[in-house]
Amino acid sequence: MKTKPVKLISLIFFSFLLCACAQLQKTNPADNPRQQILFDFDWRFHRGDIENGQNPELEVASWRGVDLPHDWSVEDFQGTNSPFNSAAISGIDGGYLTGGISWYRKSFEVSKDFDDKKISIEFEGVYMNADVWLNGEHLGNHPYGYTAFEFDISGLVKIGEENVLAVQVKNEGRNSRWYTGSGIYRHVWLKATEPVHVKTWGTSITTPEVSERMAVVEVKTTVLNSSKENKYLQIVTRIFDQSGNEVATKESKKEVTAGTEISELQSVQIESPDLWSPEHPNLYTAVIEVQDEKGKKLDLVEESFGIRTIEFSVEKGFLLNGKPTLLKGGCMHHGNGPLGAAAYDRAEERRIEIMKDNGYNAIRCAHNPPSEAFLNACDRLGILVIDETFDMWRKQKNPQDYHLYFDEWWKKDVDAMVLRDRNHPSIIMWSIGNEIPERGEPEGAETAKMMVEYIKQLDSTRPVTSAVNGLGPDKDPYFATLDISGYNYSFGGDHGQRSIFEKDHERIPYRIMYCSESYALEAFGSWMDAVNYPYVLGDFVWTSFDYLGEASIGWRGYPHDENYYPWNHAFCGDIDICGFKRPQSYYRDVLWEEGQRLSVFVKPPVPSFPVKENQASWSKWHWHDLVAEWNWDGFENQPLEVNVYSGYEKVELFLNGISLGVKETNLENEYIAKWSVPYQSGELKAVATNKNGESFTNVLKTAGTPTKIQLSADRTELTANGQDLSYIVVDLVDANGLLHPKTENLVQFEIEGPGKIIAVASSNPMSVESFQQAQRKAYKGRCLVIVKSGKEKGEITLTAKSEEIKSAEITVQVSN
C-alpha cells in the first residue's frame, strides 16, 4: 500500500570550510547520527617532493591553496604558459604531460561533539601511490589510482584542536598507456558515525524476482559493533519510489556482540514496480535505520537502486527486462578533457548526457573503475555499464604500472570496485581486465578463474567478462573462465572477410560474445556483426569520447617510433575532448538509426595534418579525413570529394540550387553516397527521401569573414556549492551567424561575479596552449570555456574578446 509522499532524510551534510583551519560542526545530531562532510576545500599544495612533508610543524604558508578535485598535470609546467613538455617521462602515452611527486595538506578542527564518534577519512580516488599521514602518524599507503580507500582516524584525531592531514602522491615513471592525471582528483570525505553503524559499502540490494506485477527486493545490511558492549538492535528498512512515496518497509531484531559484525537479510515486495532501463531510468531509494533496543537511532544510510532483470544467452542475446537490447557502446577513459582527471560531478554527468544525446546506451569503463559521480549519472540518465578492474595483472605493460602491486592488492581493489558499485542498476557486467598480457597462457587462465570466483562471492547477480585482443584458439582456456567473452577488434584485420564471431560460434557454440573494442574505421562491419548474430551482444567503439594521451593514434596511428610532440590528444573519439561531435559519430547515427541521419562532409584538398608514411596496416583508430566545411578559397573549380551519410533510401545533392544527381544509400554502399564536386562558394545541400516520400535536408554554407563572437552555455543556472560547472562554447561567426571554420583568432576572457574560469580548450589535437590561462585560440572557429561556481550567490558575467571582432558576454546565475 503506497503512502503519501514523504521527504527523504538526507545522508550527506556539506560543510564547506571557510578557512584552512576550520571547525567541523554536527548538523542536527539528534536526528542524524551519521555525518559525511565534504572535505574538498582549503587544501595546501606543493608541486614536487619535499622532505618531511608530513611533519605537522612544517611551515606551509608558501604552499598554494587548492580545492579538490585537483589534477596538477594539466597545470602550466614550471613557470611556462603550457602544461606540455616534449621531454615528459610519460611521453606520447601520457600526452607529454608531467607527473612526479607532490604533496597536499589540510588543517582542520573537530568539534567536541564528535568525541564519542568513530571518525574516518575517505578518498574516492588519488592517482597514484598515495601515502597519508594524520598529525605525523602514517595512516597507510594505497597504490592503485582508481579505487576508493579510507582510514579509521578515531584514535588519532585531536578533538577541539588543530589536526594536520598530509598526503604524498607519487605518479612516477611510465605507469600507464594513457593520460591518468596526477593528484587527489576525486572527492574526499570526513565521516563520523556511532560505534554501532552500517559498515562502509555494507548494504547490498538485489532483486531476485521481477515481473510487471511484483518485485522482490532483498536488502542485506552489514552492521559493525565497534563498542565494548553487546548490542540488541532493530534494523528498519523503508523503500521509497522516485516520487518519494514509501512503497515497502521491513523491521528486524538482531544481537551483535562487541567487536563483531552481523549481516541481516531483509526481503520486501513492491507491487507494480517501475523498472529501470535506459529509456526509463526509474530509481528507488532504500533508507536503512539502525536503532538500539530503546529505539534510539544509531545510524541511517540511504542507497539508491533500480529494479530490472538482465539475461544473456546465445539464442536471444542480451535481454533487459525481457526485451532484446543491442549494446550501442563506447569505451571511455576516466578523464574530463581540459579538466584533466578532475572528477567534478557535473563534468562526469555531462559526459553521460553527451553519450545519451549521441545514441549510446552503453559504456565500457576503460580500463578501471570510474568515479561514484559517473555511475550515479549513468543510473540517473540511463546508460548501461561494464565496470572494469585493471589493464594488467602480473605481467607489465609499462615498468612502473600495476603489475608491481597486483599480488598484494588485487583482492582489495576488486572489493573496492564490486562492494562500492554493486547497487548501481546501470552496471550489467564486471570486467576483470583489458588485453591482459598473460591471457594466452595457462597462468592467465588460472588467474582469471581465481578472480571470477572471487567476484562471484561478492556479487553473483552479474556475469563476468574480460576484453581480449590477439584473438585465436590459444585464448580458449581464458575465455572458458568467463561468463561473457569480450573480443577486441573482432572485425577485419587478420580475420579476413568472414566474421571471427561466426567462426568461433561454429567452434564453440555456447560462447556468448560482444565486440569490446572496435575501430571507428570499421564501424559498419562491427555493427553488422551485432545486428546479424544473436550471440553477439553489441559493439563498443574505441573510443566514444576522446582523451589526452596515447597521442595521435587517431591520425598517425602505430607504431609509436618517434616523438610525436606536439600531438597530445588521442584524436580517435566519436566526440572530441571539448564534447563536440566528430564525423564518425554522424555516421554512427545512421547505423544506429539515431539522431541526425543525414549529414554532409567534404574531403579537404590538402590533408588536415601531415600524413605518416609507415603507419601499420592494423592501426585503424582513425576516421576518414572529412570536415563539415564549404570554405575552400584558392581551390575554385577544383573537384572535391563530398561524402553524404544517409539513413534514407535516396539522396540528391545540390550546389547553389543546381542538382548534381540522385544516389541511393543502402547496405551495399554502407549508407554512404559520394560525389565529386567542383568547388564554388555558396550552398551545398543534400536532400534525402525515405520510402514514404518524406524529405530531409542537410546544408553546408560558405561563411564570410567573422564579425562577432557568439557565446552559448550548457547551463545558465548553477548551485553555489563551489563545484558546479557551466560549459560555455565560443563561436566566431559572420554577419549571418555562420561559424567560420578556418578562423583561429586568439580569444581573451574576463570574468566577474561568484565564479572562476577553471579551464579553456579547443579541439586542436596539436595545441600546447595552457588549459588555465584566460585565453585560447579558436580552432575551426570555436573554443570552450569552463566556469566553476563559487559558494556565494550572485551573477557571473563572462566576456569574450578578440581583435577586430565584436565582443560578447553571457551571464550565469549562481544560487543555493
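The lining of the second largest cavity divides into five nonpolar, four polar and three charged residues. Keep in mind that this is a predicted model. Which residues line this second largest cavity? Here is the list: R186, M332, H333, H334, E348, R351, C365, A366, N368, P370, S371 and F374. Its volume is about 70 Å³.

How do we find such places? Rolling a probe the size of a water molecule over the atoms shows where empty space is left.

Now the wider count. How many cavities of 30 Å³ or more does the structure hold? Six. The largest cavity contains about 150 Å³ of space. It is lined by 17 residues. Which of them lie nearest its centre? Those are Y127, Y144, Y146, N175 and Y402. By class, the lining of the largest cavity has nine nonpolar, six polar and two charged residues.

Next, a pair of helices. Find α7, residues 523–532, and α8, residues 583–592. Their axes come within 11 Å. They cross at roughly 25 degrees. That angle makes α7 roughly parallel to α8, because angles under 35 degrees count as roughly parallel. The crossing of α7 and α8 is right-handed. Which residues make the contact? From α7, take A523, F524 and W527. From α8, take Y587, R588, L591 and W592. By class, this contact of α7 with α8 has six nonpolar residues, one charged and no polar.

Last topic: the backbone. Most residues other than glycine have a negative phi, and most peptide bonds are trans. Let's look at some exceptions.

Start with L68 and P69. A cis peptide bond joins them. Omega there is about -5 degrees. Where does P69 lie? In the loop between β4, residues 64–66, and β5, residues 100–110.

Go on to Y558 and P559. Here too the peptide bond is cis, with omega about 5 degrees. P559 has its place in the loop between β29, residues 536–542, and α8.

To recap, with the structure in view. Six cavities of 30 Å³ or more. A right-handed crossing of α7 and α8. Cis bonds at L68 and P69, and at Y558 and P559.

Terms used: Residues are numbered from 1 along each chain as its sequence is written. This is a predicted model: local features need pLDDT of at least 70, side-chain atom pairs count only at pLDDT 80 or more; totals for chains, interfaces and linings use all residues. Side-chain values use heavy atoms; hydrogens and water are left out. Axes are lines fitted to C-alpha atoms, for helices over the stretch in contact, and angles run from 0 to 180 degrees between N-to-C directions. Helices (H or I, at least four residues) and strands (E, at least two) are DSSP runs, numbered from the N terminus. Angles under 35 degrees count as roughly parallel, over 145 as roughly antiparallel, 65 to 115 as roughly perpendicular and the rest as oblique. A crossing is left-handed if the near helix is turned anticlockwise from the far one by less than a right angle, and right-handed if clockwise. Contact means heavy atoms within 4.5 Å. Ala, Val, Leu, Ile, Met, Phe, Trp, Tyr, Cys and Pro count as nonpolar, Asp, Glu, Lys and Arg as charged, and the others, Gly among them, as polar. On a 1 Å grid over the protein atoms alone, a cavity is a set of points where a 1.4 Å probe fits but cannot get out, and a pocket is an open set with protein on both sides within 12 Å along at least five of seven lines; lining residues have an atom within 4 Å of a point. Grid points are joined across faces, edges and corners, and a volume is the space filled by probe spheres set on the points.
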